[in-house]
Amino acid sequence: MVSATIDLLKKELPVEEGSLVLSKDVKTGLVLVDVVNGFCSVGAGNLAPVKPDKQISYMVKESARLAKLFCGEKWPVFAFLDSHHPDIPEPPYPPHCIAGTDEARLVPDLQWLENEANATLKCKDCIDGFLGSVEKDGSNVFVDWVKKNQIKAILVVGVCTDICVLDFVCSTLSARNRRMLTPLEDVIVYSGACATFDLPVHVAKDINCALAHPQDLMHHIGLYMAKGRGARIVSEVSFAAL
């Protein structure tokens, strides 16, 4: 039933995906959204997968591959880390990614970024990383990163496709359109390096106030919505001879 629904959705709401070849001709930055234990490592917390998940595992693998390639070329990398104060809830979600715990750390395959001079790490306490980048003085860490590095395109990867990734992409596109992110031109989402969680209907109905969240369906919807807002969606990312 779910498979048939997804097939129908993809037919009625198709997402055309291209390919991306990265080169030094266009200054591109990599943005990693919440590739942290609390969302990606089995059993790591309330919102972590309860068993190995193919979509999430591939997202982590591709995110790590791209991060290594970008840092190897000294191209800018920006990583959002979901991080919450224990006394400040984030409805409708249960407590997760509490600051100072392993949940709020990057997954093991990306923890080397903590000591990488080429990477900027930003802890955020809300779904939307763009808003989460606003400092007390009104400055925005992400905006400053784009301008300092004169970035013309960002490649966005991470979790969840339809939640944190989508919200960040939408806000970034709006900021770009208002000329707040000059010289940024393109916001590109790599579908294979994005993932979301799976909460089937038969499981959700036994959880108080939970909404069903079939993984493949919501992943597709997230990509569709991002494309509708003006993002480019790609299914392949490669590097030109550097």
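We'll take salt bridges, then cysteines, then pockets.

Mentor: Some ground rules: this is a predicted model, where local features need pLDDT of at least 70, side-chain atom pairs count only at pLDDT 80 or more, and totals for chains, interfaces and linings use all residues. Residues are numbered from 1 along each chain as its sequence is written, and side-chain values use heavy atoms, with hydrogens and water left out.

Trainee: How many salt bridges does the structure hold?

Mentor: A salt bridge is a side-chain nitrogen of Lys or Arg within 4 Å of a carboxyl oxygen of Asp or Glu. The structure holds 6. In one of them, Lys-124 meets Asp-82 at 3.1 Å, N to O. That pair links distant parts of the chain, with Lys-124 in strand β4 (residues 119-124) and Asp-82 in strand β3 (residues 77-82), 42 residues apart. Strands (E, at least two residues) and helices (H or I, at least four) are DSSP runs, numbered from the N terminus. Asp-34 joins Asp-82 and Lys-124 in a network of salt bridges.

Trainee: Is Lys-124 buried or exposed?

Mentor: Buried means under 20% relative accessible area, exposed over 50%, partly exposed in between (1.4 Å probe, protein chains only). Lys-124 has 1% relative accessibility, so it counts as buried, and Asp-82 is buried at 1% too. Now look at Arg-232, whose salt bridge with Asp-186 has its closest N and O atoms 3.9 Å apart. Here Arg-232 is partly exposed at 34%, and Asp-186 is partly exposed at 30%.

Trainee: And what is the disulfide count?

Mentor: A disulfide is a covalent bond between the sulfur atoms of two cysteines. The rule used is a pair of cysteine sulfur atoms within 2.5 Å, and the count comes to 0. For Cys-97, the nearest cysteine sulfur belongs to Cys-40, 8.7 Å away. Cys-97 itself is buried, at 0% relative accessible area.

Trainee: What lines the largest pocket?

Mentor: Rolling a probe the size of a water molecule over the atoms shows where empty space is left. On a 1 Å grid over the protein atoms alone, a pocket is an open set of points where a 1.4 Å probe fits, with protein on both sides within 12 Å along at least five of seven lines; lining residues have an atom within 4 Å of a point. The largest pocket is lined by 34 residues, with Leu-47, Phe-197, Asp-198, Leu-199 and His-213 nearest its centre. The lining of the second largest pocket includes Lys-124, the residue that bridges to Asp-82.
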